[in-house]
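Here are some notes for a first look at this model. Please read them with the structure open beside you.

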Amino acid sequence: MSATTQLPAAPTPPSASSPADDAPRPPQRLRRGALRSERPGVRFAAWATVVVCGGFGLLPVYWLLATSLTPRDQVFSYPPKFFPSAPTLDAFAALASNDQLFGYLRNSVIVSVITAVLSVLVSAYMGYSFSKFRYRGRRSLMYLVLASQMFPQALLLVTLYSVFSAYGLLNTYTALVLSFTTFTLPLCVWMLKGFFDTIPDELIEAARVDGASRLRIIHSIVLPLAAPGLIAAGLFAFVRGWNDFVFALTLAGPEKQTLPPGLVNTFIGEASTAWPELMAASLVVSLPVAIAFIALQKYLVGGLTAGAVKG
Amino acid sequence: MTSSQTHTLEHRKSQTAPRRLSDGQFAVLLLLPGVALLAGVVLYPLVAALVTAFFEQSLVLPGRTFVGLQNIVDVLQGDFLRLLRQTLVFTLGTTILPFVIGFALALALNTRIRGAKVLRGLMLIPWLVPGVVVSFLWMWIFNANYGVMNALLQGLGLVDDPQAWLAQPGTAMGAVILAKTWQSFPWMMVMLLAGLQTVPIELHEAAEMDGAGTVRRFFAITLPHLKGIVGLVLLLEFIWNFQHFDIIYVLTGGGPAGATQTFATAVYETAFQGYDLGKAGALGLLWMVLLMALVVVYVRFSEKGEER
């Protein structure tokens with residue numbers, strides 16, 4: 001992708017802890033100059049944009065929260081109340097007493113955790129091979145891994161269903177874990193390769209001279225040094241499994257279904273949807289992803305753009 | 001690095017048993033689990049699905065018969081053009097709209113307005129929630145009887161009566177695009193913000209001293225610097241949206257009357273509700289050919305733009 005070659009490597013992630021607003025930090029004198037140069041018109045335009053686009057981004061989030069706190073009977077009134085007059089946690093209590101949902105939750109946790117572990121292992125080996133060895137077809141294979149995410153999953157499912165069915169893997173965790181792990185490979189392999197690239201070859205040479213086996217070098221030297229990368233890749237893989245809808249919907253029966261299709265089956269299609277409970281459930285489902293992201297944000301933008309920049 | 005590795009390799013070879021793996025073999029061994037997964041879950045299903053395009057095959061019955069191009073002809077004579085149009089409307093809508101909103105926000109939050117950092121974090125929320133949650137939320141917002149969208153638009157005097165946004169063929173696609181836009185724009189914002197932070201501020205200051213206004217500087221300095229990342233986010237977003245499934249499927253299921261059906265939902269429905277694997281494969285084949293063609297055209301186009 002030559003369109004991206006002019007991009008400088010790894011832009012600083014816009015995390016709260018990043019010290020500067022502008023990556024190549026100019027001397028203080030120049031910064032002040034830039035500050036003064038923001039004319040009233042520019043400031044007004046910036047504020048107007050923030051209000052309009054920010055409203056589009058955040059009002060639905062507010063509505064999600066507000067609805068989850070609204071008593072069930074108040075939801076079915078028009079026009080809706082923008083501020084719930086008698087906020088209640090009833091919807092969350094109703095979720096807590098729903099055993100079926102706990103079943104979906106258990107499936108989600110099992111599938112996502114195993115996906116995370118397996119994905120880290122597989123992508124670490126693959127990324128290490130790409131990073132520290134040179135062989136024919138290496139670069140082609142790297143791009144093939146990257147390109148594998150281009151293929152539509154709805155199309156893959158058409159035959160995956162038959163394949164898993166033939167091996168008796170329908171309605172199992174295995175089918176979901178294998179699928180999710182594969183779809184995390186493009187990002188995880190490229191991200192981990194980036195981490196391994198920063199580990200000096202001299203370190204590996206030194207261990208070899210000391211007689212460590214190649215597997216031992218990976219497990220005792222390389223992986224511990226790349227721990228932040230492994231955590232980032234693992235969290236990403238966890239989220240991939242957690243958020244998936246169509247694979248769990250198609251390959252897993254009611255027994256093994258994860259939360260996203262489980263929630264659709266539980267709440268959608270009834271005559272009157274229990275909106276406060278559905279919104280409360282939505283909040284609960286989103287929570288692990290938000291936590292994962294906060295833990296991950298230092299690496300996420302770097303990892304996403306790193307793959308893109310080198311591609 | 002390669003030479004030093006070869007050196008060590010020879011060094012080792014001289015003192016260890018000859019049947020040990022070479023470095024090359026070891027490297028290939030490390031690739032095996034990943035390659036096996038990619039072959040089993042992506043490559044084989046893809047090829048097999050495209051091959052079924054030439055067979056009459058059911059999801060639930062065993063056996064298949066070769067029918068040549070019959071499936072493809074059937075698909076092309078069916079509502080293929082309508083599917084293509086709807087897929088393009090969805091894909092372009094969900095690529096351009098998030099780009100405009102994300103770019104506007106990135107530019108606004110790259111200034112020194114107060115609270116920019118907090119807002120950058122908060123704006124990521126829509127991108128973080130799972131796709132089904134996006135669908136649930138917008139299903140509720142667009143609800144025909146109690147939806148807040150109707151209340152808002154009526155309050156502003158923009159509609160006279162409450163509308164069933166997701167159940168009317170004329171409005172369903174717009175509603176779905178808006179929901180997907182809400183999910184996508186934060187990613188655009190993050191990528192473009194990262195790009196904006198690489199634009200050297202000295203250039204802006206020099207240009208300003210020479211009397212260039214904000215708009216002029218945007219087109220002369222900011223935009224050329226962002227060309228690479230803009231091209232990249234547009235291409236990736238296009239590829240992703242061309243195959244997007246979740247939000248459309250949960251919000252409308254492709255309806256009403258097929259008005260929000262795209263290639264992704266049509267292939268899924270043909271295979272798993274119509275049990276017609278041959279026709280699903282034919283749709284998929286045409287879909288992939290189109291995607292490849294569009295990507296090649298795009299890459300050519302952007303390369304040409306760069307040469308200028």
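1. Start with the make-up of chain B. The model is predicted. Chain B holds 14 helices and two strands. Its radius of gyration is 26 Å, while the globule rule gives 19 Å for 308 residues, so chain B is more spread out than a compact globule.

2. Next, the outline of chain B. Along the principal axes, the C-alpha atoms of chain B fill a box of roughly 85 × 70 × 35 Å.

3. How much of chain B is buried? Of its 308 residues, 44% are buried. Now take contacts in chain B between residues at least 6 apart in sequence. Among these, 68% join residues at least 24 apart.

4. Look at helix α8 of chain B, residues 148-155. Which residues of this helix are buried? They are Val148(B), Met149(B) and Asn150(B). The cover over the buried residues of α8(B) includes α7 (131-141) of chain B. It also includes α2 of chain A. After α8(B) comes Gly157(B). The phi of Gly157(B) is positive, near 75 degrees.

5. Turn to the contact between the chains. Chain A gives 98 residues to this contact, and chain B gives 86 residues. Which element brings the largest share of the side of chain A that touches chain B? The answer is helix α2 (residues 40-68) of chain A, with 16 residues. On that side of chain A, 63 residues are nonpolar, 25 are polar and ten are charged. Helix α2 of chain A is also part of what covers the buried residues of α8(B).

6. Now the domains of chain A. Domain 1 of chain A spans 28-88, and domain 2 of chain A spans 94-310. How far apart are their C-alpha centres? The centres of domain 1 and domain 2 of chain A lie 33 Å apart. Their contact takes six residues from domain 1 of chain A and seven residues from domain 2 of chain A.

7. Stay on the side of domain 1 of chain A that touches domain 2 of chain A. The largest share comes from α2(A), with three residues. By class, that side has two nonpolar, three polar and one charged residues.

8. α2(A) gives the largest share of the side of chain A that touches chain B. α2(A) also gives the largest share of the side of domain 1 of chain A that touches domain 2 of chain A.

Key: Residues are numbered from 1 along each chain as its sequence is written. Chains are lettered from A and ligands numbered from 1 in the order in which they are written. This is a predicted model: local features need pLDDT of at least 70, side-chain atom pairs count only at pLDDT 80 or more; totals for chains, interfaces and linings use all residues. Two residues are in contact if their C-beta atoms, placed from the backbone, lie within 7 Å. Helices (H or I, at least four residues) and strands (E, at least two) are DSSP runs, numbered from the N terminus. Ala, Val, Leu, Ile, Met, Phe, Trp, Tyr, Cys and Pro count as nonpolar, Asp, Glu, Lys and Arg as charged, and the others, Gly among them, as polar. The radius of gyration is taken over C-alpha atoms; the globule rule is 2.2 Å times the number of residues to the power 0.38. A residue is buried if 20 or more other C-beta atoms lie within 10 Å of its own, exposed if 12 or fewer, and partly exposed in between; C-beta atoms are placed from the backbone. Domain bounds come from an automatic or database domain assignment.
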